[in-house]
Amino acid sequence: SNSEALERGIPDLPPQQQNIRIQATRSGRKGKTVTVITGFQHSPDTLNKLLKQLKNKCGSGGTVKEDTLEIQGDHREKLLAILGDLGYKVKISGG
């Protein structure tokens, strides 16, 4: 709920004010690749809604870990486009 987000002091910033990084990694996941999206400044509620949207578009499972979204598989290019369309400033980082 919104009151929880306020208590945790997380601003639910508009996408235009957020710098998001997308990275595919295999570390610690039994050799399975996941795409990790970091940098969000959103309430847990907003993040969960966003995750649902991204999972649908990628046809993949995924999860929220604190302020990070993880989508199963390597979807960097697709996520770059989707988040860009939503107005985020997005970069692909790392290998």
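Colleague: What pattern does the protein chain follow along the sequence?
Modeller: Read along the sequence, the pattern is α-β-β-α-β-β-α-β, with three helices and five strands in the protein chain. Helices (H or I, at least four residues) and strands (E, at least two) are DSSP runs, numbered from the N terminus. This is a predicted model, in which local features need pLDDT of at least 70 and side-chain atom pairs count only at pLDDT 80 or more, while totals for chains, interfaces and linings use all residues. Residues are numbered from 1 along each chain as its sequence is written, and side-chain values use heavy atoms, with hydrogens and water left out.

Colleague: How much of the protein chain is made up of buried residues?
Modeller: Buried residues account for 34% of the 95 residues. Buried means under 20% relative accessible area, exposed over 50%, and partly exposed in between (1.4 Å probe, protein chains only).

Colleague: And which residues touch the most other members of the largest nonpolar core?
Modeller: Of its 16 residues, those are Ile37, Phe40, Leu54, Leu69 and Leu83. E1, H2, E4 and H3 each supply at least two residues of this core, and H2 gives the most, with five. A nonpolar core here is a set of buried Ala, Val, Leu, Ile, Met, Phe, Trp, Tyr and Cys residues joined through side-chain atoms within 4.5 Å.

Colleague: Take Ile37. What is it in contact with, leaving aside neighbours within four places in sequence?
Modeller: Ile37 is in contact with Ile20, Arg21, Ile22, Leu54, Asp67, Thr68, Leu69, Ile71, Leu79 and Leu83. Contact means heavy atoms within 4.5 Å.

Colleague: Turning to H3, which of its residues are buried?
Modeller: In helix H3 (residues 76-85) they are Leu79, Ile82 and Leu83. Seen down the axis of H3, the buried residues fall within an arc of 90 degrees, so they line one face of the helix. The arc is that of the directions from the helix axis to the C-beta atoms. An α-helix has 3.6 residues a turn, so residues three or four places apart point the same way.

Colleague: What covers those buried residues of H3, then?
Modeller: The cover includes strand E1 (19-25), strand E2 (34-38), helix H2 (44-58), strand E4 (68-72) and strand E5 (89-92). The face of H3 turned away from its buried side carries the exposed residues Glu77 and Asp85. Just after H3, Gly87 takes a positive phi of about 105 degrees.

Colleague: On to the strands. How many of the residues of E4 are buried?
Modeller: Four of the five residues of E4 are buried, so the strand is mostly covered. E4 pairs with E3 (residues 62-65) in the antiparallel sense over four bridges. E2 and E4 also run antiparallel, joined by four bridges. Two strands pair if DSSP finds at least two bridges between them.

Colleague: Which residues are bridge partners in E4?
Modeller: Lys65 has Thr68 as its bridge partner in E4, and Val64 has Leu69.

Colleague: Where is Glu66 found?
Modeller: Glu66 is in the loop between E3 and E4, a hairpin with two residues between the strands. The phi of Glu66 is near 55 degrees, a positive value in a residue other than glycine. Most residues other than glycine have a negative phi. At 68% relative accessibility, Glu66 counts as exposed.

Colleague: How many salt bridges does the count come to?
Modeller: The count comes to two, a salt bridge being a side-chain nitrogen of Lys or Arg within 4 Å of a carboxyl oxygen of Asp or Glu. One joins the side chains of Lys65 and Glu70 (3.6 Å, N to O). Arg76 and Asp74 meet in a salt bridge as well (2.8 Å, N to O).

Colleague: Lastly, how far apart are Ala24 and Thr35 in space?
Modeller: Their C-alpha atoms are 4.2 Å apart, although the residues are 11 apart in sequence. Ala24 lies in strand E1 and is buried, with a relative accessible area of 15%.
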